[in-house]
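Dear colleague,

I am passing on the structure we spoke about, and my notes on its disulfides and on one of its helices follow below.

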Amino acid sequence: MGILGKSYGFEITTILLLFMVNTAHSIGANWGTQASHPLHPSIIVKLLKDNGIQKVKLFDAEARVLNSFSGSGIEVMVGIPNEMLYSIANSVEAAERWVERNVSAHVSSNNVDIRYVAVGNEPFLSTYNGTFISTTFPAIRNIQAALIKAGLANRVKVTCPLNADVYQSSTEQPSTGDFRPDIRDLMIEIVNFLSLNGAPFTVNIYPFISLYNDANFPVEFAFFDGYSSPINDQGRIYTNVFDANYDTLVWALQKSGNGNLTIIVGEMGWPTDGDRNANVALAQRFNQGFISQMNRGTPMRPGPVDAYLFGLVDEDKKSVQPGNFERHWGIFYFDGTPKYNLSLGSNSRGLVPASNVHHLPNRWCVMSPSASTEDPQVALSVSYACDRADCTSLGQGTSCSNLDARGNISYAFNSYYQENNQLETACQFPNLSVITTTDPSIGSCRFKVMIQPSNLRSGGYLLEPMKMAQMLVILWTLL
């Protein structure tokens with residue numbers, strides 16, 4: 001039997017068919033922009049193309065970002081934030097205006113290949129306490145109606161990225177899977193609607209989160225290179241949690257009468273910092289393992305899996321409420337530098353770095369050699385710096401866990417200094433800090449040098465007057 005469940009030989013037609021299938025289901029990537037110094041959209045588009053990434057998932061529909069995909073040939077999924085669900089759910093006209101401005105205009109005049117509109121992002125997460133329960137489905141319906149009115153319904157499909165917590169199983173076996181009881185009726189309405197309109201079910205699956213939330217979770221089950229105690233579900237063997245999770249959804253869909261509904265994995269990946277299980281080695285192992293087997297499929301759904309890696313580049317402004325790892329999901333660092341060797345299938349050479357990225361000068365803000373760690377101003381200064389910059393690489397089990405006290409203080413100072421574009425005033429912690437041209441990086445701990453802001457000339461990322469005032473106030477207080 002072949003990889004698609006059919007007999008095969010060496011006929012040219014079969015080889016071409018397999019090539020077409022693999023191309024259609026090459027890995028995509030999520031591009032989030034919650035960063036203090038985001039790469040320019042044109043750099044991102046070239047980064048995607050250089051790495052053979054043919055589809056991208058966005059979390060909003062910013063015009064400047066969408067314009068950059070004009071004529072690129074990259075398939076785009078645009079997003080509607082949860083905060084907009086109420087207005088779109090309660091007004092067909094609002095949905096029509098959104099589609100006209102964020103889909104129609106780019107498809108028709110800008111030649112942007114928009115394929116999906118993602119309505120909301122994980123709106124049924126249990127942590128939202130039902131906030132978006134009543135607005136998500138009406139918003140989906142109204143966006144679909146707006147796509148129909150715009151004549152785009154055959155080209156652009158509506159979907160709703162959902163967290164895997166919308167379904168569950170009563171045992172470890174996927175065949176006991178079904179939608180969560182509190183939203184089961186709503187989920188069946190949604191999947192029926194998606195099926196009726198030829199639209200996909202989008203789900204985000206994170207084995208890392210399973211490991212993060214459960215100290216007893218078997219580590220090897222999170223990866224794709226074998227597990228000594230696989231799950232046997234009616235003869236279907238599961239050696240990794242991704243396949244088991246995915247097929248739990250398949251069973252839930254099957255029980256709702258929609259067993260053949262198309263599934264897109266909207267997010268899946270592994271972070272590289274911010275937790276003891278978040279590091280470069282495990283991220284490479286997970287992502288390469290998935291990519292190597294994605295065209296094989298799962299026991300219930302043999303064949304290529306349609307999926308988007310999360311994420312493309314690190315985002316240093318993401319909320320760390322779920323954990324410090326949230327700012328480290330990228331397969332590239334903030335500046336487009338590859339974190340590890342990764343073959344994406346279409347690009348077997350490994351990751352290609354971003355080009356035309358310009359860094360600020362090689363300068364760092366560190367703790368002054370003459371300063372003492374016992375200085376009572378240290379704690380206030382470090383707290384100030386970390387509250388306003390990114391210190392998530394500090395702590396037990398992180399990439400900078402090897403630093404001593406002075407190293408931790410220096411890292412905090414430098415993070416603030418770089419985020420504020422190396423302004424001299426951003427390295428004036430009273431009698432504590434000094435600017436150096438000697439790289440303080442140690443081992444796996446990288447002291448960053450920030451990239452030049454993409455809109456520096458317009459002042460977009462320069463230290464804002466309010467930040468300057470805050471800095472002066474705290475300096476006066478410390479002094």
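A residue is called buried here when its relative accessible area is under 20%. Please keep in mind that this is a predicted model.

A search of the whole structure finds three disulfides. In one of them, cysteine 365 and cysteine 427 have their sulfur atoms 2.0 Å apart, and both cysteines are buried. The torsion about their S-S bond is about 85°, so this disulfide is right-handed. Because cysteine 365 lies in strand E14 and cysteine 427 in the loop between H12 and strand E15, the pair ties together parts that are 62 residues apart in sequence.

Cysteine 386 and cysteine 391 form another disulfide, with sulfur atoms 2.1 Å apart, and its torsion of about -85° makes it left-handed. Cysteine 386 counts as partly exposed at 24% relative accessibility, whereas cysteine 391 is buried at 14%.

A disulfide also joins cysteine 400 to cysteine 445, with a torsion of about 90°, so it is right-handed. Here cysteine 400 counts as buried at 1% relative accessibility, and cysteine 445 at 0%. With the bonded cysteines numbered in sequence order, the pairing is 1-5, 2-3, 4-6.

As for helix H12, it covers residues 405-419 and reaches 22 Å from its first C-alpha to its last, close to the 21 Å expected. Since 12 of its 15 residues are buried, H12 is largely enclosed by the rest of the structure. At its start, a side-chain oxygen of aspartate 404 comes to within 3.3 Å of the backbone nitrogen of arginine 406, and the helix is followed by asparagine 421, whose phi is positive, near 60°.

Best regards

Conventions: Residues are numbered from 1 along each chain as its sequence is written. This is a predicted model: local features need pLDDT of at least 70, side-chain atom pairs count only at pLDDT 80 or more; totals for chains, interfaces and linings use all residues. Side-chain values use heavy atoms; hydrogens and water are left out. Helices (H or I, at least four residues) and strands (E, at least two) are DSSP runs, numbered from the N terminus. The expected span of a helix is 1.5 Å times one less than its number of residues. Buried means under 20% relative accessible area, exposed over 50%, partly exposed in between (1.4 Å probe, protein chains only). A polar contact is a pair of N or O atoms within 3.5 Å; within protein, one must be able to donate a hydrogen and the other to accept it, and residues adjacent in sequence count only if both atoms are side-chain atoms. A disulfide is a pair of cysteine sulfur atoms within 2.5 Å.
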